Amino acid sequence: PPERLTRLGHAKDLLSVEDKIGLMGDAAALAVAGDGTTAGLLAFLEGFKDEKSYLVWCQISSSLHQVRSVFSSNKEVADGLKKYALKLVSPAAESIGWEFGDEEDYLTGLLRKLLIAMAGGAGHESIIAEAKRRFDSWKSGNASAIHPNLRSVIFDMNVAQGGEAEYQTVKDEYVKTTSVDGKEIGRA
């Protein structure tokens, strides 16, 4: 029931990573199938806005994506879900920031990439502005303006928010790069 999900979200510190992921996946599947409620799922997820685990954030992202896809044809609900996602992810994205530390572990780097992508996709204005600033600096010749782990995220945001010029810049980079991991941008 939604009330129990809300309580579980507030008691998240008592749950293992595996339990969090499992409960989120189950709650999302039930909501999408109509056997649970979207409101219950969203109330549950709200309890995880200060989560630090990359794996849990992957499940949050997946759960939100499932619900958003169900309501994609209803503009009012889709807009509300986008605002909800922005409210949920903003504190974590702002907290983790853009810079990679020398001693940072691999999963923290993946978490940064995921949170920035989620926040940008939900319309976080300052994250979109920073992605644009870094893209413009990179386009002007500053190769270090974009950390390699954030290339696809920054390129995606600039193509989504920009126009033909941004698309063409990313396409040209894809065509000219010979590095295998540089081809990751091809999905932008």
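Start with asparagine 158, which is buried because its relative accessible area is 6%, where buried means under 20%, exposed over 50% and partly exposed in between, using a 1.4 Å probe and protein chains only. This is a predicted model, so local features need pLDDT of at least 70 and side-chain atom pairs count only at pLDDT 80 or more, while totals for chains, interfaces and linings use all residues. Residues are numbered from 1 along each chain as its sequence is written, and side-chain values use heavy atoms, with hydrogens and water left out.

Asparagine 158 sits in helix α8, residues 151-161; helices here are DSSP runs of H or I with at least four residues, strands are runs of E with at least two, and both are numbered from the N terminus. A polar atom of the asparagine 158 side chain lies 2.8 Å from the backbone oxygen of isoleucine 154. Beyond its neighbours within four places in sequence, asparagine 158 is in contact with Ala131, Lys132, Phe135 and Glu166, contact meaning heavy atoms within 4.5 Å.

Setting aside neighbours within four places, methionine 157 contacts Ile116, Gly120, Ile127, Ile128, Ala131 and Gly162.

Now zoom out to the nonpolar core. The largest one has 46 residues, and Leu45, Trp57, Ile60, Leu64, Leu115 and Ile154 have the most contacts inside it. Such a core is a set of buried Ala, Val, Leu, Ile, Met, Phe, Trp, Tyr and Cys residues joined through side-chain atoms within 4.5 Å. At least two residues come from each of α2, α3, α4, α5, α6 (106-121), α7 (125-139) and α8, and α5 gives the most, with eight. Take tryptophan 57: not counting residues up to four places away, it touches Phe48, Lys49, Glu51, Lys52, Leu88, Val89, Ala92, Leu111, Leu114, Leu115 and Met118.

Helix α3 (38-46) has Gly40, Leu41, Leu42, Phe44 and Leu45 buried. What do they pack against? Their partners are α1 (2-10), α2 (17-33), α4 (54-70) and α5 (75-96).

Two of those partners also pack on each other: α2 and α4 meet at about 5 degrees, with their axes 9 Å apart. That makes the pair roughly parallel. Axes are lines fitted to C-alpha atoms, for helices over the stretch in contact, with angles running from 0 to 180 degrees between N-to-C directions; under 35 degrees counts as roughly parallel, over 145 as roughly antiparallel, 65 to 115 as roughly perpendicular and the rest as oblique. On the α2 side are Val17, Lys20, Ile21, Met24, Gly25, Ala28 and Val32, and facing them from α4 are Leu55, Val56, Gln59, Ile60, Ser63, Gln66, Val67 and Val70. The contact has 10 nonpolar residues, four polar and one charged.

Finally, serine 61 is found in α4 and counts as partly exposed because its relative accessibility is 23%. Apart from residues up to four places away, serine 61 touches Leu114 and Met118.

Notes: A polar contact is a pair of N or O atoms within 3.5 Å; within protein, one must be able to donate a hydrogen and the other to accept it, and residues adjacent in sequence count only if both atoms are side-chain atoms. Ala, Val, Leu, Ile, Met, Phe, Trp, Tyr, Cys and Pro count as nonpolar, Asp, Glu, Lys and Arg as charged, and the others, Gly among them, as polar.
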